[in-house]
Amino acid sequence: MNTKSRTQQFTIVLLLGAGLALGSCSKSFVDKSSAFNLSMTEALSTPELLQTDLNGLYAELRNVDQFGRDFPVLGDLEADNTFLEARNTGRYVYQFAYTVPVTDNVTQPMWQESYNGILDANQIIDAQVTGGTTAATKAQAYALRALLYFKLVNIFAQPYTFDSLGMGVPLVLHYDVNATPGRATVAQVYRQIVSDLRTALVSAPDYSSSVFISKYAIEGLLAKAYLYMGDYADAATAAVDVINNSPFTLVSPGAYKSFWANPNVQTSAIEVMFEIDCDPVNNNGFDDLGGIYLNGYQDIYCSLDLANLYSATDVRTEVLIPGYTKGGAPAYLVGKFPNALNTDKDNIKVIRLAEVYLIAAEAEAQLGDNTDAQNYVNAVAETRDPAFGGYSDNGAQLITDIVQERRKELAFEGDRKYDLNRLGLPIDRGTNQGAASGDGLSIPFPYEYRVAPIPQQEILRNPTIKNQQNPGY
Amino acid sequence: MRRFLLCLCFFALLIGQVTAQNHSVTGIITDGNGAPVAGASVTLKGSTRGTSTSTDGTFSLSVPETARTLVLSAVNFATMEVDISGGRTSIGTIVLQAAGKSLSEVVVVAYGTQNKTNVTGSVATVNGNVVSDKPFTSVDKALQGVVPGMQVSSTSGQPGSATDIVIRGIGSINASASPLWVIDGAIATSGDLTSNTTTANPLSTLNPDDIESISVLKDAVSTAPYGSRGANGVILVTTRKGRAGKTHFSVVGEFGQNSRAYNPTNTPENSSQLKTTLTQALTNYGIPANQVPGIITNAFGYPTNYTSINTNWFDIASQMGAQSQVSASLTGGNDKTTVYASGGYFNQKGISIASDFQRFTGALSLTHRASDRFTLTANINASNTAQHTPSNGGTFANPVLASFFLLPWYTPYLANGKFRYGAADTLNEFPLGGSIFNPVIQAAWNNNLAQQTAIRGSVMGELKLLDNLKLTSRLSSEYLAVQEDQYRNPFYGDGYGNGGDAFSNYNRMFDYTWSNFLDLKQKVNTDGDEYFDLKGGIEAYDAKFYTLSGGGHSFPQTLGLKYLANTAVPTVASAGPSEQTTFSYFGIGDFNFKDRYIVSASVRRDESSVFGAEHRWGTFYSVGGSWNINEEAFMKHQNLFDLLKLRISYGQTGNTNGFGLYTSLPQYGSSNYSGQAGLVPTNVGDSALTWEKNKALNIGLDFAILKDRIDGTIEYYHRTTADLLSPVPFSFTTGFSSQNENIGSVVNKGIEIALNGRPVVTRDFTWEINFNISHNTNRVAELYQGKSIPNGSFQITVGHDLQEYYLQQWAGVDPQTGAAQWYTDGTHTKMTTNYDSAGLALNHSASPSVFGGLTNTFTFKGFVLDVQFDYNFGNYIFDNWYNYLNSDGAYAGSFNQMNTQLRAWQKPGDKTDVPQIVYGDPSFSSSPSTRWLYKGNYIRLRNLQFGYDIKPEALKKTHLSRLFIYIRGTNLATFGVDKDLPYDPEAGVASQANLEVLIPKTFAAGVKVGF
């Protein structure tokens, strides 16, 4: 064999050797992990990371399909506080007209995103972590899970006070990606809500700022849950405890407008007990709550019926802005969320002290304690309208007064429809110029379409729920 | 003596010179039509000496006196040998036989070239001429209707947009079903890399004029060498290389204009038509007729004279798009070193306002034969593109949406000529910050710019270790940077609420493919007509991505500052890397027995970073055989067949494309709150995640008859893709909607026919026809627990086409009541007028049942007429925007309606497909149903070119070797379109209309000059 072919053989051996060497180091060559995401195990491994996960849960609630817009908007629009104008951008048309199809593109994301939040909460609650801030973190997760179930059961099920054994929503308490749960009863869902809120209260943090849920905000939500169950004694106990023992105070008449105009995180314990932060960086942009009412789509206006309820001296008229619909009809614009065009957007109020007063008033009135009921409702009514002499009715008329005061106080915050549902009252819309189809409707109670359909996509994915669609859909 | 010795040495040297003396051989190579064949290879048989023809088909090669035979070969032509013994200095004009007529043609395949004789798989070759100097922004758009079995469809007419390509049916549900692109051996990025802007195609950075040839590999035996990436077919692009000989320059310039390719008859209503629709809606709602005008003016806020104002928003949102392209190239060199260099400029305006594309390219290729044993080839190809792209779909800033949705009495300008918006707009047509924006302001004041910089380069060394053993080492890399800048002005539109905002995004990708392989050609018998060709090697692929994005708002109150640098409030800041790697071993072998029987096989093992540690390795293989029947003794006595070849192949390939890089891992991702970091679950994870496996059978028959007047290929294929990456849908109550797992399989089978005929071949006149047709059937064979998977408007169901619609079944309008009706189920027996009782059923596919193309080429003396059609039949297009534009009253007064609404039911007995229009559409007649489907059929005149080659005699006085002038039209006419379809019938592979920039029709004139 000559030298030349020896050299060639050597070259071949060398190259094959290099190839094998490359092959053997291939393990590290093909071992890659994400620079943007953390493994699930690690994300649930320390008290600090659990707190970070809790922030993720708060952020989830801010979603447009939840508290960010759909929840607060629909509670009024599907009742009688607001109307959709004729020249609109195509949002909430079916909701206003009471013709929601099972394929509706508002209903499905509300359902889906709420359960995404419930997953976030379940993961925190079930995390095998102790010490440090863990107890306070888990307490908040319990409270927010209860809050989501409270919204879900009110949107998708008939009220507890109407049929507590009727179909509620699926109760999912642990992460199981393969589960196909059926609907629990309304009573089972409320039992879980009460249990979660009570568990939360044990280790709940004290109030430090408005954008994180704290002890008395949780107790306020507990009072609300009891009220919605018609358990007036427990509702009164919880609400009165908040009124008597919490650091919160009602906003003064002079500061009312600036209170609503302020987009900042609050630490003063004035009025708002828990709100969801929409900060300059993390917010819903043009899909913000203020965008649908005032600056942006401007599709939804205050109904004439509601506007006429306020007396001229009521400070709450300061957040009703006289103007015109896009169609040119005179209408009141909703001014509670005026920061849609500003960098820092409006935070979304979830529970305020005024509501706790109104819960106490309604519960006491239902229990027959007219004096206490009058005191609580007048605390709100007279603060808002210093010229108002206060309610002096008793019994059924007092309850009607309180429900009306509740309507005036909590307008545009998403409760009206569910209040009318739980009280078994019809929805009687007045007429509004320039309104879309659905204006002037009278909707009786009970009525099948006063609850949303289970989304068609859930029905297709979940065999257990397949035959549990709400009647009428 | 010393002097004598010196003299002797000198003399000896002289003799040496004399005995080794060379002379030049010249000639012209043309095709059957007499057109010059550029780039044909001319080599001296038995040596490495060679050159190639220039653009005018001429060559000059220096050969030794002893030279006997020249070998002439070119892609798509039969190889030919010419005798030059006896010191011939010219071979005159040699006509090469066109493709398909012979098996000695050379085709580019995986890791090299192959004589067509040895091809056992399904490989379609497209000559560079087919894609060069067309008014298309990227090579993929020029392939429409050209390759049998390859469906090419534009989703958008935006210049520089991505194109959908599917070869032999959709073989994937959730991973990519697109083929792999390989440019000069490098795995190339394709698809859409944009983050902020609407669409940008990485392939648009490649100048089609720099492409020498394209090979489309369709079956297992041709794609298996690409292993885990070969399942959906492979498109090999070979760029132009230098040719030895006289240096030739070529310049091509083309200038033209674009307009809308398809003008639908179903258009938005004009003002008086809108009045008709609106009046019907309100009257049928119960408003007394005498109150209707008052409601329209008071409640809807229309001006009283609105029917006298008519704005054609189509015209307002469109522009006549100018287009120009120039490219110049040089080729030359000697028998040691050759060079190809080119530069190009391309500019096209889209037909929507604020839509354009511009590209600069440069390419350089050098080949150096350092010795008889070692050759080095280096290529570099660099380009920069810039495109403005309006937003698409349902965004208020989309000019196409505006052209359909805006009311006809709206006007873009005030009486004083200024833009209509805000406070000066007393009719509230374009309020600040809300509703559909005035498109002319968006176009004038905003900026949506995407720029791509691409550099593709490769260095390849080929070392002949033995005469029959070659070592190749090739390092190919691709650098791609996509830079997006979006600006929304502070005065009006999306940016108004934020005081103007800007978002910038920078995506950079660098990848390399390093292949080292040995190629052994081993004769088995002494005649050399029985031989092996074996290749084996290793390959590493590493793709590194980096993304950087920023956003902010609050600009100074000016239109003069448009970049993130001037925002007062930063809102988005994000950056980070990601990476994907693959390591492979491969072996490929052919055995040729006297050109009669060929057997080929390949095996490849791939290891990919995308999968869980236990599932990273995959093995892929293929076997194939072909029988050249016409080489058999019994065929020697027949005259009908000039070629008859039967091919069969089978193998397994994989798909890892489109899996996401970290899908196998359960993960949490960022979701921040109140200035604090937040994390939420983002991915379920699947540790068993692995490849999609594609098992494919191919049977093909190639033939040529009647003295090569007709040739063609008929192929049948059957491919089963298993372990499909498919979404397993979860109940939403779990907190996840779905995750991708390896579940299920889909079968594609079909037939492809390509026929080429030359009905007339005379000295002056030739007529050539190329026709192809493909039919594919797609069936889902298996899914997780047999459960159907909802997928947008489709539902993936066993036994059905992957893209079959699952919708409420529209049953038309009751002629007595005018009510909308639906069937209660798929049997179409019972009807209901209650939308909630309407049954959903599977029918109508978004995939075409047949598609293909037809090209006729006529040449008469110097004139060339090229007429190319492509066609598509059997698919249905789903219109996402139907319920807004044909709302039956739901959006009456808010958005303009299509003129199809004028067919609405009026009185008992009316037979129509549009129900009674009622304000608010209480019957949901416009809700999703099969009423939204349109037939997707079309035949399109894709390219019409008429040109004249100035006779060489006429050019003698000039220094030009060629002068060709032509006019061209693309997408000139479209036939057979559903008359109710308001958009272009080309709607991507998924047939979904999404208010994209309309597809252009181009008229152009051009000139090609060679010197």
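The model is predicted, so local features need pLDDT of at least 70 and side-chain atom pairs count only at pLDDT 80 or more, while totals for chains, interfaces and linings use all residues. Residues are numbered from 1 along each chain as its sequence is written, and chains are lettered from A, with ligands numbered from 1, in the order in which they are written.

Let's start in chain A with helix α8, residues 107–126. (Helices are DSSP runs of H or I with at least four residues, strands are runs of E with at least two, and both are numbered from the N terminus.) From first C-alpha to last, the 20 residues of α8(A) reach 29 Å, close to the 28 Å expected at 1.5 Å a residue; that expected span is 1.5 Å times one less than the number of residues. The helix is mostly covered, with 16 of its 20 residues buried. Buried means 20 or more other C-beta atoms within 10 Å of the residue's own, exposed means 12 or fewer, and partly exposed is in between, with C-beta atoms placed from the backbone.

Next, a helix pair. Helix α11 (residues 215–229) and helix α16 (residues 353–367) of chain A pack at about 35 degrees, axes 10 Å apart. Axes here are lines fitted to C-alpha atoms over the stretch in contact, and angles run from 0 to 180 degrees between N-to-C directions. On the α11(A) side you'll find Gly220(A), Ala223(A), Lys224(A) and Leu227(A), facing Val356(A), Ile359(A), Glu362(A) and Ala363(A) of α16(A). Contact means C-beta atoms, placed from the backbone, within 7 Å.

Now for the chains themselves. Their contact takes 83 residues from chain A and 74 from chain B. On the chain B side, β26(B) gives the largest share, 9 residues. Strand β1 of chain A (residues 38–39) is joined to β30(B) by 2 bridges, and the two run antiparallel; strands pair if DSSP finds at least two bridges between them. Look for Ser39(A) opposite Gln667(B).

Finally, find Thr93(B) in strand β7 (residues 90–95) of chain B. Thr93(B) is partly exposed because 13 other C-beta atoms lie within 10 Å. Leaving aside residues up to four places away in sequence, Thr93(B) touches Ile28(B) and Thr30(B). Ser745(B) is 652 residues from Thr93(B) in sequence and 55 Å from it in space, C-alpha to C-alpha.

Key: Two residues are in contact if their C-beta atoms, placed from the backbone, lie within 7 Å.
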